[in-house]
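Here are a few exercises to work through with the structure open beside you. Try each task before reading its solution.

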Number of protein chains: 2
Amino acid sequence: MTESKGLTINDVARKCGLSRSTVSRVINNHPYVAKEKKEAVLKAMEELGYKPNSVAQQLRSNKTHAIAVLVPRITNPFYSRLIEKMETEASLLGYQIIICQTRYSKEREVDYLDMLRSRKVDGVILTSIQNDWKDIETYLQYGPIVMCNEFDDQATIPSIRVNQMDGSYLGTKHLIEQGHKKIAYCKGGTKSNIGKKRREGFNKALKEYNLSSVNDVVLTNAFSIEDGKRIFHELPEDITAVFTGGDEVAVGIIFEARENRVKIPEQLAVIGFDNQVISELINPSITTINQPIEEVASKTMEVMIQKLESDKPSNIKEIYEFPVKLIVRQSTVLE
Amino acid sequence: MTESKGLTINDVARKCGLSRSTVSRVINNHPYVAKEKKEAVLKAMEELGYKPNSVAQQLRSNKTHAIAVLVPRITNPFYSRLIEKMETEASLLGYQIIICQTRYSKEREVDYLDMLRSRKVDGVILTSIQNDWKDIETYLQYGPIVMCNEFDDQATIPSIRVNQMDGSYLGTKHLIEQGHKKIAYCKGGTKSNIGKKRREGFNKALKEYNLSSVNDVVLTNAFSIEDGKRIFHELPEDITAVFTGGDEVAVGIIFEARENRVKIPEQLAVIGFDNQVISELINPSITTINQPIEEVASKTMEVMIQKLESDKPSNIKEIYEFPVKLIVRQSTVLE
DNA sequence: ACATAGACTGTAATCGATTTCAATAGTTTA
DNA sequence: TAAACTATTGAAATCGATTACAGTCTATGT
């Protein structure tokens, strides 16, 4: 077997009797290389099976062509869809993405941001925030940071997201139009801005129908299917509908309702968020809010790479907001 | 704002009036650095906010501490669970993982393997194979390759996987014990070795009960929920059970059965594979085969990093096979 | 008192590329 | 015919670290 460990540009230069500058010029397609020499170099590279050491190239160019993507957990379908599309786009444009799971930890978020400081990556995409903006801001001097999905009003960086307020507004309005007057509201628990906007939309719909005063049932820590199961049991008797804030929670509630012979939507209407695959498959299928995840992911990557390739300042606030759509299914409407 | 772009070890050396070797020694915790100088260096680093450029370190050490993980698609829950655990383990041991989606393309697989040649990563983990082993083998000279889940009998590298044959054997046996005699078999379509082993297990069970002759219904291209919906309509009349090879396919079949008022399991028993979250939530819940995904992922990362840190040869065949478990649910048993 | 080991520290080479600069040869223009 | 280009090449500096080597100084042993 050929022992081709650690072939360098010097080996190529030696093989074809030229200097390494010339070899480098051929690699980088520079003008002013005689045709015959160029061919000699290409032949030598071919024969040796040489490929440039990209770490050395990274050092010279001060570019890694790697982007860190921070997500809470990749098994959450919302985030894995974001990442799938981001990776596809990045790969097309010659970039790699490095997966970073914060698992909701401030420390891990900072550790991953430090990759910007140590130049392991050229940029960072945040899909959630654990630390205060002022702490994250200090990393801006090392490279661009772009926010996707999550955002912060004070942040002076690009933010690509959907209109969360509209989502919860449309969902809540739909519930009210189905005749519901007492609607429980589920929220996460982190000090997320998404949550804030969603709450605004919820309140806006209630206000429009003069229902604000009678609605004050808020369930917290609503993230997972398990949380949904728990929440089902925490619902007061007089509640007829639940805004869950996530399809997982909705699934949990529906599952537990089935176990307890509570009819959905007759006895309890449930609305999800995200339009995840499962929302269409479960019985009853779940009314939910669709977010154009792939578009958001594409745009995010586009903005990031544009920032990387034009050396413009990275602390400019740009907002790209995508529209959401209400998807009506069985969990909120009688047949 | 502090303009701390591009601080190098030289800046630190200058700041504390020492040579960069001494600074480097402090960074790397070498012995033989006078206590006072060490403190001076630490103070200078602290004050400047210096962090070593890891690309330079990578060049010197010829190690990137990055591992490429090739998966078909990250949105497939099986792969996202693998990746979640791998990333967690890698991160704990100081490694980053780079996500590579082959989307079942030979070319993309080769492109990603080339990251080993250009030293962008220290090692590659394959969770599926698109190319022939002899083509992949040539990359072994550039760094370790470890196979996880998928495998190849000729491959002389570590392989971490579950006992696929046992999985289909247990599942099929279970169906037979429920009284089924004509069982349809779904398979992917790629020349996967997993598929081969599964088929062996299926046949083994049939043979044990002398049912081999009456069973020859094979449905191909069974991967997704959509495939499951299609396959439901392709099933011959006399079939009473389906071995789907994947929970997605099972979900599709169940969904379509519901639409067509076919009772499961009374008129058709369905068995999945993977024990995905959805298999427990759908109605009827799906009997399936559980694979210890997290254990497989952990072991894979452990083996990879061990290979990276001990400079032992990478072309040694080691097999770690984990057991599977039958999970009986509603889709195969009458109440 | 002198050899020797131990504790430090700095100089310079090195990792593998890219790029500036200078040198040379061959053309073209004034 | 000299000046001014253009095309081509290589030597050497550079990116930002680590480390082999050599040198200095101090302490210990005989």
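**Exercise 1. Find how many cavities of 30 Å³ or more there are, and describe the lining of the largest cavity.**

Solution. Bear in mind that this is a predicted model. Start with the count, which comes to four cavities of 30 Å³ or more. Next, take the largest cavity: about 150 Å³ of space lies in it.

Now list its lining. Chain A gives Gln58(A), Thr64(A), Ala66(A), Gln96(A), Ile98(A) and Lys120(A). Chain B gives Gln58(B), Thr64(B), Ala66(B), Gln96(B), Ile98(B) and Lys120(B). Then ask which elements give two or more residues to this lining: they are strand 2 (96–101) of chain A and strand 2 (96–101) of chain B.

**Exercise 2. Work out what relation superposes chain B on chain A.**

Solution. Two copies of a chain are related by a rotation about an axis and a shift along it. Here the rotation is 180° and the shift along the axis is 0.0 Å, with an RMSD of 0.1 Å. That is the relation of a two-fold axis. The same surface serves both copies, as 100% of the contact residues of chain B recur in chain A.

To place the axis, look for the residue of chain B that comes closest to it: this is Ile98(B), with its C-alpha at 2.3 Å.

**Exercise 3. Trace the open sheet of four strands in chain A, and say which strands stand at its edges.**

Solution. Write down the strand order, 7-6-8-9, and note that the pairing is parallel. Strand 7 (218–219) and strand 9 (269–271) of chain A each have a single partner strand, so one side of each is left without a neighbour in the sheet. Look next at strand 6 (residues 183–186) of chain A, which pairs with strand 7 of chain A over two bridges. Cys186(A) stands opposite Leu219(A) there. Helix 8 (residues 164–177) of chain A packs on the sheet, touching strand 6, strand 8 (241–243) and strand 9 of chain A.

**Exercise 4. In chain B, find how many bridges join strand 6 to strand 8, and how helix 8 runs relative to strand 8.**

Solution. Three bridges join strand 6 (residues 183–186) of chain B to strand 8 (residues 241–243) of chain B, and the two run parallel. Within this pair, Ala184(B) stands opposite Val242(B). Helix 8 (residues 164–177) of chain B runs at about 175° to strand 8 of chain B.

Terms used: Residues are numbered from 1 along each chain as its sequence is written. Chains are lettered from A and ligands numbered from 1 in the order in which they are written. This is a predicted model: local features need pLDDT of at least 70, side-chain atom pairs count only at pLDDT 80 or more; totals for chains, interfaces and linings use all residues. Side-chain values use heavy atoms; hydrogens and water are left out. Copies are superposed by least squares on the C-alpha atoms of residues with pLDDT of at least 70 in both. Contact means heavy atoms within 4.5 Å. Two strands pair if DSSP finds at least two bridges between them. Axes are lines fitted to C-alpha atoms, for helices over the stretch in contact, and angles run from 0 to 180 degrees between N-to-C directions. On a 1 Å grid over the protein atoms alone, a cavity is a set of points where a 1.4 Å probe fits but cannot get out, and a pocket is an open set with protein on both sides within 12 Å along at least five of seven lines; lining residues have an atom within 4 Å of a point. Grid points are joined across faces, edges and corners, and a volume is the space filled by probe spheres set on the points.
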